Amino acid sequence: MSRSNEYRQRLKHLDNWVPFLRNESGLPGPRGNLELAHAVAEEGTKEKFEHFLSFSAHENTPEVFLVFCGVIGLGKLAAGEPELFARLRKYASDPRWRIREAVATGLQLTGDQNMELLLKEMRKWGKGNWYEKRAAAAALAEPRLLKQPHHAKQVLQILNQITNSMEQVGNTGDDSFKVLRQGMAYCWSVAVAALPEVGKPMMESWLNSMDKNILWIMKENLKKNRMVKMDARWVEACIVKLR
């Protein structure tokens with residue numbers, strides 16, 4: 001039995017989840033308990049998620065883990081309650097990085113149930129602020145969601161749209177832009193590896209950009225092992241072009 005399934009069984013026999021979640025959160029620390037958070041999303045109810053979201057929590061505390069679980073839970077429910085996307089979108093710009101991560105993780109749970117719905121919503125987020133764009137990219141850049149070519153193609157189109165919005169921004173000191181830039185440093189590689197025949201030409205077009213942020217993003221993606229496994233000769237040719 002996986003650790004997540006063990007947690008699910010444990011939660012089924014608890015009336016009050018809060019003390020257990022606090023104790024098993026892994027916080028304060030470098031890594032929250034993601035297996036437990038997924039178990040909470042699977043076993044929790046909207047009432048429980050709302051309760052977790054009611055906590056006032058600082059970063060890297062057991063309490064922020066409760067909010068983290070609540071946000072992921074909203075993502076799980078959004079597949080059947082699309083109105084919840086509006087709340088998730090607000091959390092995408094939360095100052096706490098763990099909460100922003102929870103948004104992307106929760107959106108992936110939407111995608112597991114209804115990828116077309118997720119794509120429709122992420123096209124909107126892809127036109128939002130930098131944090132919202134980062135949430136969209138991070139949510140979609142997940143291999144398990146890109147097994148269908150028509151889904152992978154749409155994800156590539158959204159990444160292309162986001163990248164286009166980043167070009168010629170200049171030397172921005174905006175933290176939200178930096179967060180998006182860092183996220184885009186791996187998202188392209190995931191989508192291109194999922195659908196190389198479409199993704200490689202799209203990525204190649206960005207190698208001609210005059211924007212240093214775009215070129216950095218492409219260089220970072222080309223370093224990823226998944227890219228080398230996909231087509232090592234192509235990767236080397238792209239790297240040479242960037243020198």
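1. E121 counts as buried, at 12% relative accessibility; the cut-off for that class is under 20% relative accessible area. This glutamate sits in helix α8, which covers residues 115–125. Its C-alpha atom is 8.9 Å from that of P82, a residue 39 places away in sequence. The model is a predicted one, and the remarks below should be read with that in mind.

2. R134 belongs to helix α9, residues 130–140. Setting aside neighbours within four places in sequence, the contacts of R134 are R100, E101, V179 and L180. That list contains an arginine and a glutamate, R100 and E101, along with V179 and L180.

3. On the overall fold, the protein chain has 14 helices and zero strands. The order along the sequence is accordingly α-α-α-α-α-α-α-α-α-α-α-α-α-α. The C-alpha trace spans about 60 × 40 × 35 Å along its principal axes.

4. Of the 243 residues, 52% count as buried. Among contacts between residues at least 6 apart in sequence, 69% join residues at least 24 apart. The accessible surface of the protein chain comes to about 11500 Å², and carbon and sulfur atoms account for 50% of that surface.

5. Charge is as follows. The protein chain carries 36 positive and 28 negative side chains. The centres of the two sets lie 4 Å apart.

6. The largest nonpolar core has 81 residues. Helix α5, residues 62–78, supplies the largest share of this core, 10 residues. In soluble globular proteins, nonpolar side chains tend to be buried together. Which residues have the most contacts inside the core? They are L21, M184 and W188. For L21, the residues touched are L11, L36, V40, F52, F65 and L66, not counting residues up to four places away in sequence.

7. K76 is also in helix α5. Leaving aside neighbours within four places, K76 is in contact with A41, E42, G106, L109 and Q113.

8. Helix α12 runs over residues 196–206, and its buried residues are G199, K200, M202, M203 and W206. A lysine, K200, is on that list. Which helices cover these buried residues? The cover includes α10 (149–166), α11 (175–194), α13 (212–222) and α14 (225–242). An α-helix has 3.6 residues a turn, so residues three or four places apart point the same way.

9. T45 lies in the loop between α3 (34–43) and α4 (46–53). This threonine counts as partly exposed, at 39% relative accessibility. The C-alpha atoms of T45 and G126 are separated by 29 Å, and the two residues are 81 apart along the chain.

10. Most residues other than glycine have a negative phi, and most peptide bonds are trans. A cis peptide bond joins L27 and P28, with omega about 0°. P28 is in the loop between α2 (18–24) and α3.

11. N60 is not a glycine, yet has a positive phi of about 60°. Its place is in the loop between α4 and α5. At 29% relative accessibility, N60 counts as partly exposed.

12. Q168 has a positive phi of about 65° and is likewise not a glycine. Q168 lies in the loop between α10 and α11. Is this residue buried or exposed, at 57% relative accessibility? Q168 counts as exposed, because the exposed class begins over 50% relative accessible area.

Definitions and conventions: Residues numbered from 1 in each chain as written. Predicted model: local features only at pLDDT ≥ 70, side-chain atom pairs only at ≥ 80, totals over all residues. Heavy atoms only, no water. Helix = DSSP H or I, 4+ residues; strand = E, 2+ residues; numbered from the N terminus. Buried < 20%, exposed > 50% of the residue type's maximum accessible area, 1.4 Å probe, protein only. Contact = heavy atoms within 4.5 Å. Areas by Shrake-Rupley, 256 points an atom, 1.4 Å probe, with all protein chains shown as cover. Lys, Arg positive; Asp, Glu negative; His and termini not counted. Charge placed at Lys NZ, Arg CZ, Asp CG, Glu CD. Core = buried A, V, L, I, M, F, W, Y, C linked by side-chain atoms within 4.5 Å.
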